[in-house]
Amino acid sequence: MINDSVVRSDFQAGDEENDLNLRPKLLDEFLGQTKVKENLSVFIQAARSRKESMDHLFLIGPPGLGKTTLAQITARELGVDFKVTSAPALDKPKDLAGILSTITEGSVFFIDEIHRLKPAIEEMLYIAMEDYELDWIIGQGAAARTVRIPIPKFTLVGATTKAGMVSSPLISRFGIVQRFSFYTEEELASIIKRSAKILNVNVDEDAALLMASSSRGTPRVANRILRRMRDFAQVYSNGVITKQVVTSGLDKLEIDTLGLERYDREILLSIINNYGGGPVGAETLAISIGESVDSLEDYYEPYLIQCGLIQRTPRGRIVTDKARTHLGLEGIYDANQRLLF
Ligand code: ADP
């Protein structure tokens, strides 16, 4: 019954994810997101002392901010099993039933990208979350019938980059909702120093700060930049990551002072050059830069908005004067974003 491909024993993604050593294992090692951490610490302690499963937890935030990591930490701190999958991997209700039927008492079950659940699977999840029961289909074809079987109490952790796309019946079944924000430069510098220690590489203080300021508020990006700078330091200097190594390394990777990558700049330039500064819809914009709407909306846009370089309006995206200044395209524009002089 169980489809192994839908249950991941751990996160499988790019090279930075494969180095599981960098992933904090305990709440104390999880740096930043102070509010989320403080709240969660209370809920974990309370559940532990009552010897009950913790309430279902809903985590919202852009990719790479630590939602999966925090779900794993929650399981470890509660001292329970951890199962992980992502909504696109759940193709049929039996995929979900397969996982839920093997769940142990109090487990943490993490579903990533929960906004992409299929309706039939979402229905099944409602019953599991609320009544701790599972609709189980016996027999086939006309003889098929559904029986309800009880399952152990568990904690569902649902994560999404797009809270607006999650149905309200689903959201309302989560007792705890926590929203992640982008990390500050100081927090990212601490994460970089912690990772550098684990990777056994020396990093100067000002180099750590420079990497932090170029990491678009995101630990996953910070760890990725650290690894690349480690490569540059190994080949071009004596293995120590200095500010000079980082400055020239970022230049080689085409990452600018705000942490923008080539695609970020292409997005801004496309809005300016092709759409008179906007407004332009996400789909049109994604096509014009050859990216998917998902990566535009999930990865690029939140940081560009956070930096004040684009604004989302009901009619589409528009670039701001700050973006033009950053790109060295200063000028006076009319109400239609056309350059006057
Ligand atoms: P998400 O699930 O939100 O996409 P992840 O939990 O996979 O993000 O985090 C991406 C990587 O960033 C992890 O491998 C981890 O090493 C690192 N990371 C995330 N949050 C933190 C944090 N608060 N402190 C230290 N490292 C972190």
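Guide: Here we go through the ligand site, a hairpin, a helix and a few backbone details.

Guide: First, some ground rules: this is a predicted model, where local features need pLDDT of at least 70, side-chain atom pairs count only at pLDDT 80 or more, and totals for chains, interfaces and linings use all residues. Residues are numbered from 1 along each chain as its sequence is written, and side-chain values use heavy atoms, with hydrogens and water left out.

Visitor: Which residues come nearest to the ligand?

Guide: A residue is near a molecule if one of its heavy atoms lies within 4 Å of it. Here 18 residues are around the ligand, and L31, G64, K67, T68 and T69 come nearest.

Visitor: What kinds of residues make up that shell?

Guide: We sort them by type: Ala, Val, Leu, Ile, Met, Phe, Trp, Tyr, Cys and Pro count as nonpolar, Asp, Glu, Lys and Arg as charged, and the others, Gly among them, as polar. The shell here has 9 nonpolar, 5 polar and 4 charged residues.

Visitor: Which side chains have a polar atom by the ligand's oxygen or nitrogen atoms?

Guide: A polar contact is a pair of N or O atoms within 3.5 Å; within protein, one must be able to donate a hydrogen and the other to accept it, and residues adjacent in sequence count only if both atoms are side-chain atoms. K67 has a polar side-chain atom 2.8 Å from a ligand oxygen, and Y183 has one 3.1 Å from a ligand nitrogen. The protein covers 98% of the 560 Å² of accessible area that the ligand has on its own; such areas come from the Shrake-Rupley method with a 1.4 Å probe, and for residues only the protein chains shown count as cover.

Visitor: How do strands β4 and β5 run, and how many bridges join them?

Guide: Strands (E, at least two residues) and helices (H or I, at least four) are DSSP runs, numbered from the N terminus, and two strands pair if DSSP finds at least two bridges between them. β4 (residues 133–138) and β5 (residues 145–150) run antiparallel, joined by 6 bridges. In one of these, I137 has T146 of β5 as its bridge partner. Their hairpin has 6 residues between the strands, and G139 takes a positive phi near 80° there.

Visitor: Which residues of helix α12 are buried?

Guide: Buried means under 20% relative accessible area, exposed over 50%, and partly exposed in between (1.4 Å probe, protein chains only). In α12 (residues 282–289), the buried ones are A282, L285, A286 and I289. They cover an arc of only 100° around the axis, so they sit on the same side of α12; that arc is taken from the directions from the helix axis to the C-beta atoms. The face turned away from this buried side carries the exposed residues E283 and I287.

Visitor: Where does S270 sit, and what does its side chain contact?

Guide: S270 is in helix α11. It is buried, at 5% relative accessible area, and a polar contact of 2.8 Å joins its side chain to that of S288.

Visitor: What should I look for along the backbone?

Guide: Most residues other than glycine have a negative phi, and most peptide bonds are trans. Q33, in the loop between α1 (15–18) and α2 (34–50), has a positive phi near 50°. The peptide bond from G278 to P279 is cis, with omega near 5°, and P279 lies in the loop between α11 (262–275) and α12.
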